[in-house]
Amino acid sequence: MQGYILKITPLKEEDLIVKILTPNAIHTLYRFYGARHSTINLGYKIDFEIEYTLGYIPKLRRITHLGYSWLKILPKALLWQQFITLLASHFEGIERVDPFYFELLQKMAKKLTRQEGKRVMVESYIELLAFEGRLHHSFECFVCEAPIQEDPVLVRAFLSAHSSCIPKRSFDRTKIAYLIHSSDAQFLEDEEIEELWQIIQEGL
Ligand SMILES: [Zn+2]
């Protein structure tokens, strides 16, 4: 089966606990250290098998790394790992998942070959919020609950607020509305993308 490595926890003698996102589940598996084992890393897409033994954590076996060309571009690889780590926290304590998340990572990995990394993160996060029913299509202040007529301030989970309610920099409302309605970041400047990425890093 195939999956994305969400989290790696080192144990004694270089054994590892590895969390893997597959289309329907997050598997927590045990990997014994061995010289002949292929290297695994956070965010890698792998093909693997699970060996079940009664009373023990299932074992991760027969790993093949299904690589991407952009993994050699360090900033992209690091960005990917940061997003994967945010996703792992988002899934804390969850074992069954909708195939949406696996498909989202598939799509992101494909987009990363030709598109700027942080734009991919911002557009994909909009898709995630929409899927989870957390995307707000109208600008309403989460603090005072009144509609926002001017440029909105955005905070964690891209909730919007008046700049008088949350003293932070505001975003151009037309550009943000376009982003929200189309999951397309093309009209945003690099510096705006950077700010949105900072917000994403606060938690999905
Ligand atoms: Zn307000």
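E49 stands opposite R61 in strand β5. Strands here, like helices, are DSSP runs numbered from the N terminus, with at least two residues (E) for a strand and at least four (H or I) for a helix. This is a predicted model, where local features need pLDDT of at least 70, side-chain atom pairs count only at pLDDT 80 or more, and totals for chains, interfaces and linings use all residues. Residues are numbered from 1 along each chain as its sequence is written.

**The whole chain**

- The chain has 5 helices and 7 strands.
- Along the sequence, the pattern reads β-β-β-β-β-α-α-α-β-β-α-α.
- Along the principal axes, the C-alpha atoms fill a box of roughly 60 × 35 × 30 Å.
- Of the 204 residues, 25% count as buried. A residue is buried if 20 or more other C-beta atoms lie within 10 Å of its own, exposed if 12 or fewer, and partly exposed in between, with C-beta atoms placed from the backbone.
- Take the contacts with a separation of 6 or more: residues 24 or more positions apart account for 48% of them. Two residues are in contact if their C-beta atoms, placed from the backbone, lie within 7 Å.

**Strand pairing**

- Strand β4 (residues 45-51) and strand β5 (residues 59-65) pair in the antiparallel sense, over 5 bridges. Strands pair if DSSP finds at least two bridges between them.
- β4 also joins β1 through 3 bridges, and these two strands run antiparallel.
- G3 has I46 in β4 as its bridge partner.

**Two domains**

- Domain 1 covers 1-114, and domain 2 covers 116-204. Such bounds come from an automatic or database domain assignment.
- The C-alpha centres of domain 1 and domain 2 lie 29 Å apart.
- Domain 1 gives 14 residues to the contact, and domain 2 gives 12 residues.
- On the side of domain 1 that touches domain 2, the elements giving two or more residues are α1 (74-90) and α2 (99-111).
- α1 supplies the largest share of that side of domain 1, with 9 residues.
- The residues on that side of domain 1 divide into 9 nonpolar, 3 polar and 2 charged. Ala, Val, Leu, Ile, Met, Phe, Trp, Tyr, Cys and Pro count as nonpolar, Asp, Glu, Lys and Arg as charged, and the others, Gly among them, as polar.

- The 13 residues of α2 should span 18 Å at 1.5 Å a residue, and its end C-alpha atoms are 18 Å apart, which agrees. The expected span is 1.5 Å times one less than the number of residues in the helix.
- Y101, L105 and M108 are buried in α2.
- Seen down the axis of α2, its buried residues fall within an arc of 65°, so they line one face of the helix. The arc is that of the directions from the helix axis to the C-beta atoms.
- Cover for the buried residues of α2 includes β1 (2-10), β2 (16-21) and α3 (117-131).
- The face of α2 turned away from its buried side carries the exposed residues P99 and K110.
- F100 is also found in α2. F100 counts as partly exposed, with 13 C-beta neighbours inside 10 Å.
- F100 and F131 are 31 residues apart in sequence, yet 8.0 Å apart in space, C-alpha to C-alpha.

**Loops and backbone angles**

- Most residues other than glycine have a negative phi, and most peptide bonds are trans.
- E145 has a positive phi, near 65°, and is a residue other than glycine.
- E145 sits in the loop between α3 and β6 (153-154). E145 is exposed, because 8 other C-beta atoms lie within 10 Å.
- F158 also has a positive phi, near 55°, and is a residue other than glycine.
- F158 lies in the loop between β6 and β7 (160-161). F158 counts as buried, because 21 C-beta neighbours lie inside 10 Å.
- S138 belongs to the loop between α3 and β6. S138 is exposed, with 9 other C-beta atoms within 10 Å.
- S138 and I180 are 42 residues apart in sequence and 9.5 Å apart in space, C-alpha to C-alpha.
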